Amino acid sequence: RQGVAQNLGDWRIPYYVATAYHLALKDSTNAALYMNIAANTPGVPEGIKLSAHNYGLRGDLREETKQIWIAIYENSADEVVRAQALNNVVHIELLALLEQAVEQYHSAVGAYPSTLEDLVRAGVLRELPQDPLGITYDITPEGALVPVLQPHI
């Protein structure tokens, strides 16, 4: 709060605080508060203003997160930040694609696939797409995707 209060002319501070509340803390109330501060900061880019004003209207956490990353990608001058934001957008879209493929498989076969490779063998996917964040997934017996935790060496 103190950092935001001391830097009222910089929309990035409340926007990134809002992003931290949304992504790390899953606190949509404080995320919305800081999105509002960002949206009302003089000089805020229109894309950020629109993203901030629309925060919380989608009702879908994943779509909300995707829109935040799109706004960061479209409004950052930092190429590293832009690349990471784009990777996060692609990752979210990949999750949706894989979930849809699992449901297609379930509809066609009557059971959920045991592995993602089953989706390729059944012709639901031509190949397994690579996650830009390097995450791989297992499938639960109920058809949910769960990330495979890689051991730290």
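Helices here are DSSP runs of H or I, at least four residues in length, numbered from the N terminus. The model shown is predicted.

**Close-up 1. Salt bridge between R121 and D118 in helix α7.** The closest N and O atoms of R121 and D118 lie 2.6 Å apart. Helix α7 covers residues 117–121, and the two partners are three residues apart in this helix, so about one helical turn separates them. R121 has a relative accessibility of 63% and counts as exposed, because the cut-off for that class is over 50%. D118, at 13%, counts as buried, because this value falls under 20%.

**Close-up 2. Salt bridge between E99 and R62.** For this pair the closest N and O atoms are 2.7 Å apart. E99 is partly exposed at 33% relative accessibility. R62 is also partly exposed, its relative accessible area being 29%.

**Close-up 3. Salt bridge between R12 and D10.** Here the closest N and O atoms are 3.0 Å apart. R12 has 43% relative accessibility and is classed as partly exposed.

**Context for the close-ups.** Side chains of opposite charge can pair when their charged atoms come close. Six salt bridges are found when the whole structure is searched. Among them are R121 with D118, E99 with R62, and R12 with D10.

Terms used
Residues numbered from 1 in each chain as written. Predicted model: local features only at pLDDT ≥ 70, side-chain atom pairs only at ≥ 80, totals over all residues. Heavy atoms only, no water. Salt bridge = Lys/Arg side-chain N within 4 Å of Asp/Glu carboxyl O. Buried < 20%, exposed > 50% of the residue type's maximum accessible area, 1.4 Å probe, protein only. Helix = DSSP H or I, 4+ residues; strand = E, 2+ residues; numbered from the N terminus.
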